[in-house]
Amino acid sequence: MAKRDRYEDLVRFYEFQLGSLPHRAELKQALADTLSAEDLQAFFLLPFLGMITEEKLRKRAPKAGISAEALCQRARRLVPEGIVDSYVGPQGRVYGRAPFIALLEFQVRLQEASPLREVCTKIMNAFIEGAVQTIPTKTPYYRVLPVEHTIRPAGEARVVPVNVQVPDPREVLPLDVVSEMVRKESFIAVSDCYCRSAKKLAGQGCDHPMETCFYFDGLAMVKLESGYARRIDAEEAIAILRRSEEAGLVHNVSNCEGKIQTLCNCCPCACGVLRATMRGQKNTGAPSRFRSALVEGRCTLSGACVQICPMRALTIAEGKLQIDAERCIGCGLCVSRCPNGALQMVPRDRPPRIYPTNDALFGRIYREAAVGLVLRKVRGK
């Protein structure tokens, strides 16, 4: 009986998450050069999804024929590589299989070159440029948050609670306001943007700020454990968000209410989510619950809005400003840059769906992926 190829199993685990991978053979070889058979043994003792306590992991050691301490050491060794997630939480230390996107983002942030970093850079760039077939899902995992002052004037205190019935559900809610979302998070970490890091490694870097990726609570602890992020408080986080707006970056947050996991500040030069949206993909990022609209009689055709729009949704034609409502993602950058107050944010007639929790969001995405991959296989695509 042929010996099982665990490196092939690892690549297939990653393909379940993101679909067919570019540079597949090169990735498999780099993983083989980086990870030992013992490393993979530890990896596959972790649950397919979710985290496991160290106590429970230790109980799985006899199955591997090694000591509990050796098993935990192997798992911890894989954290800085982006292969395993681990942190110390209320239940003590927990472990889990890191998703493939974590492997990519960890590797492109490494300072030292390696075969694995090289192939991860190629794969990350392929995803950014849309050169791969992604998983067949419909639900966006990110959504845009507008520049805050464009939907809530400075000093306005009224915010409608999420979980009560309101006369008009299109009103400004806490889930629309970036500072509201950040201030209620108890544990915040920030790191360099892995999209811009990948582009920089590929010789296609831009001048936008780098330290703009936020993680919260358990995921923040994972990133701190890896050494690729630093902990900050809400005030510093909001200061970074404001600088990001000034630099023309777009807030993209987990597409859910309540506890969020990530908040990115994205540029059209490198961001995989924005680039996908520009290509017409609907399953990565959703627009905000608002859109840009012209205030009649104020526009002087300064062009500031056209220059800042990341989606090229604004143009000047025949002496008039034109807004493509289908392309507008509701980021509010154009409104914030207009010197004459000629643009405003208005609620969308059909606001996009926002999921109640992060678990509900990704539960939906995983179900769509499973069904879509089966159908794709049946149809031979």
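Modeller: Start with Glu148 and Arg242, which form a salt bridge, the closest N and O atoms being 2.9 Å apart. A salt bridge here is a side-chain nitrogen of Lys or Arg within 4 Å of a carboxyl oxygen of Asp or Glu. Glu148 sits in the loop between strand 4 (142-145) and helix 9 (178-183), and Arg242 in helix 12 (residues 234-246), so the pair ties together parts that are 94 residues apart in sequence. Helices (H or I, at least four residues) and strands (E, at least two) are DSSP runs, numbered from the N terminus.

The model is predicted: local features need pLDDT of at least 70, side-chain atom pairs count only at pLDDT 80 or more, and totals for chains, interfaces and linings use all residues. Residues are numbered from 1 along each chain as its sequence is written, and side-chain values use heavy atoms, with hydrogens and water left out.

Back to the pair. Glu148 counts as buried, at 10% relative accessibility. Arg242 counts as partly exposed, at 26%. Buried means under 20% relative accessible area, exposed over 50%, and partly exposed in between (1.4 Å probe, protein chains only).

Next, a pair between two strands. Arg230 and Glu211 meet through their side chains in a salt bridge (2.7 Å, N to O). Arg230 belongs to strand 7 (residues 230-232) and Glu211 to strand 6 (residues 211-216), so this pair ties together parts that are 19 residues apart in sequence. Arg230 is partly exposed, with a relative accessible area of 32%. Glu211 is partly exposed too, at 29% relative accessibility.

The whole structure has 28 salt bridges. Side chains of opposite charge can pair when their charged atoms come close.

Now the nonpolar side. The largest nonpolar core has 89 residues. Such a core is a set of buried Ala, Val, Leu, Ile, Met, Phe, Trp, Tyr and Cys residues joined through side-chain atoms within 4.5 Å. Leu10, Tyr14, Leu31, Ile83 and Phe100 have the most contacts inside this largest core. Helix 8 (residues 115-128) gives the most to it, with eight residues. Apart from this core lies another, of 21 residues, among them Val178, Ile240, Val253 and Leu361.

Take Ile83 as an example. Leaving aside neighbours within four places in sequence, its contacts (heavy atoms within 4.5 Å) include Tyr14, Leu31, Leu35 and Phe43. Leu78, Arg97, Ala98 and Leu103 are also in contact with Ile83.

Some nonpolar residues lie at the surface. Phe48, Leu49 and Tyr366 form a nonpolar patch there, with about 290 Å² of accessible area together. Leu49 lies in the loop between helix 3 (37-44) and strand 1 (52-53). Leu49 is partly exposed, with a relative accessible area of 49%. Patches use residues with over 30% relative accessible area and no salt bridge; like charges are joined within 9 Å, nonpolar side chains (Val, Leu, Ile, Met, Phe, Trp, Tyr) within 5 Å. Accessible areas come from the Shrake-Rupley method with a 1.4 Å probe; for residues, only the protein chains shown count as cover.

Last, the backbone. Asp217, in helix 11 (residues 217-226), has phi near 50°, a positive value in a residue other than glycine. Asp217 counts as buried, at 16% relative accessibility.
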